[in-house]
Amino acid sequence: MSTGHPDLDALLPRLDSVSTLGAAELEAEEIAVLGRKSGSLTAALKRVATLPVEERKRFGAAVNRLKAQFEAAFAARRDVLDAERTARDQAGLDLTMPGRGRWVGAEHPVTKVVREIVDIFRGIGFTVAVGPEVETEWYNFLALNFPADHPAMDMHDTLYLDAPPAEGESAGRLLLRTHTSPVQIRTLMESPPPVRVVIPGMVYRNDAFDPSHSPAFSQIEGLAVDEGISFVDLKATLIHFAHRFFGPATKTRFRPSFFPFTEPSAEMDVECQLCHGAGCPACKGTGWMEILGCGMVHPSVLENCNVDAERYTGWAFGMGPHRIAMLRYGIPDIRLLLEGDMRFLERVAGTAR
Ligand code: DAH
C-alpha cells in the first residue's frame, strides 16, 4: 500500500509494527507520530497549508487518512494490552515478582557418611545387618564379656526401661542399647561363621546434650569371623577403609586400648582432616583424630555365641558416623547434626538457595 507521497510512505512500516508494541513503547510511539509539538504526522499536517491549492487537496487528504489509520491502530493495540493485563491480574499473576527457586533436597550429612562407609565395606564382601534399639542387659553387656556389676557398665551411662524383658530373668533388664556391639552377638547366634558384616544404627546414652555429647547418636559396627583371621586382616581392612573414605594418602595409626569384648584392643586415628597433621584446635594440637575402636573378638564372646573359639578367630570395630561427619565437614557442635535446622543443613549440603 502506498499513500502516493514518498515522505508519508516512510511512515507505513511504523504503522504495521504498532500491533507488536508493549505498553511503554506504544505511548512513546503515539507521541512520536501524533504529538502536538514534534509528531511526524503533525509536521506533515502543518506543511499542508504551505502547498499550492491542487497539491494541498491531495496531500491533505493523504495525511488525514494516514492519521486516522494510526489512531485506529493505536486504539486497537491499547485494547489488546488492556485485555492482557486484566487477564493477568485476574489470574493473580505478577510478572514483576522475582522468581521462586526450586526446592532441592539432599541427603543429611550423617546419612551420606553412613551410606559411604557401608558402601566401602560392601565393596569388599561385607553384608549389612541391623538389630533392635531396645536390648537386654545380656546382649548389650554380659554376652559381650562385660562382668556383671563391673564399672565398665557405668561408663556407658545406660538408659533402662521399666518393662521386664520378654526373654526372662537371665536376659537382665531392658535398656536402650548403648552401642551397636550387641548386634555382633545376634549375628553370630543367627548365622555361624564365616561372617563379614557391618551394622549401622542409633545408640542411646544418659549423656548431656552439649557440643560434643548427645543422648542419641549413630554407630557402625563391623565384624569379621572366619578361620585364620588375624590382626593383620583388621589393620589392612581398616587402613583400606580410611584410604577410601578420607583419601588415598591419609595417614593412620593404631593405639592400644581396652574393650571387654576384644583382646587385644586398639583405637584407630586418622590424620586431622582440618590441618592435615600440622596441629589445630580441632585435634587439640595433636594432628590426629580418633575415628574408631577395634580389636580381635574375645574368645569368651565367640563362646557365648556357641562359636568354636579354637577353630575361629575374628576382629571387630565400632565407629561413630556423627563424629566422623563432624571431623570431615569441620562441624564444631554435634547438636547441629541432630536439630534439623534447614539453614545449617542446606549450607553443608550445598543446596542453599
Ligand atoms: N562398642 C564400643 C563403644 O561403643 C566401640 C567398639 C570398640 C566396637 C571396639 C567394637 C570394637 O566392635 O571392637 O565404645
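The model is predicted: local features need pLDDT of at least 70, side-chain atom pairs count only at pLDDT 80 or more, and totals for chains, interfaces and linings use all residues. Residues are numbered from 1 along each chain as its sequence is written, and side-chain values use heavy atoms, with hydrogens and water left out.

**Ligand site**

- The ligand is surrounded by 15 residues (a residue counts if one of its heavy atoms lies within 4 Å).
- The closest of them are His179, Ser181, Arg205, Gln219 and Glu221.
- Glu221 has a side-chain N or O atom 2.6 Å from an oxygen atom of the ligand (a polar contact is a pair of N or O atoms within 3.5 Å; within protein, one must be able to donate a hydrogen and the other to accept it, and residues adjacent in sequence count only if both atoms are side-chain atoms).
- Ser181 places a polar side-chain atom 3.0 Å from a nitrogen atom of the ligand.
- Gln184 places a polar side-chain atom 3.0 Å from an oxygen atom of the ligand.
- On its own the ligand has 350 Å² of accessible area, and the protein covers 91% of that (Shrake-Rupley method, 1.4 Å probe).
- Strand 5 (216-226), strand 8 (288-297) and strand 9 (313-319) each give two or more residues to the shell (helices are DSSP runs of H or I with at least four residues, strands are runs of E with at least two, numbered from the N terminus).
- The shell residues divide into five nonpolar, eight polar and two charged (Ala, Val, Leu, Ile, Met, Phe, Trp, Tyr, Cys and Pro count as nonpolar, Asp, Glu, Lys and Arg as charged, and the others, Gly among them, as polar).

**Helix pair**

- Helix 3 (residues 23-34) packs with helix 4 (residues 40-48) at about 15 degrees, with axes 3 Å apart (axes are lines fitted to C-alpha atoms over the stretch in contact; angles run from 0 to 180 degrees between N-to-C directions).
- The two helices are therefore roughly parallel (angles under 35 degrees).
- Ala32, Val33 and Leu34 of helix 3 meet Ser40, Leu41 and Thr42 of helix 4 in the contact (heavy atoms within 4.5 Å).
- These contact residues divide into four nonpolar, two polar and no charged.

**Backbone features**

- Pro193 and Pro194 are joined by a cis peptide bond, with omega near 5 degrees.
- Pro194 sits in the loop between helix 9 (182-190) and strand 4 (195-204).
- The bond from Glu263 to Pro264 is also cis, with omega about -5 degrees.
- Strand 7 (residues 262-271) holds Pro264.
- Asn145 is not a glycine, yet has a positive phi of about 75 degrees.
- Asn145 belongs to the loop between helix 7 (137-140) and helix 8 (151-154).

Note on methods: Parallel < 35°, antiparallel > 145°, perpendicular 65-115°, else oblique.
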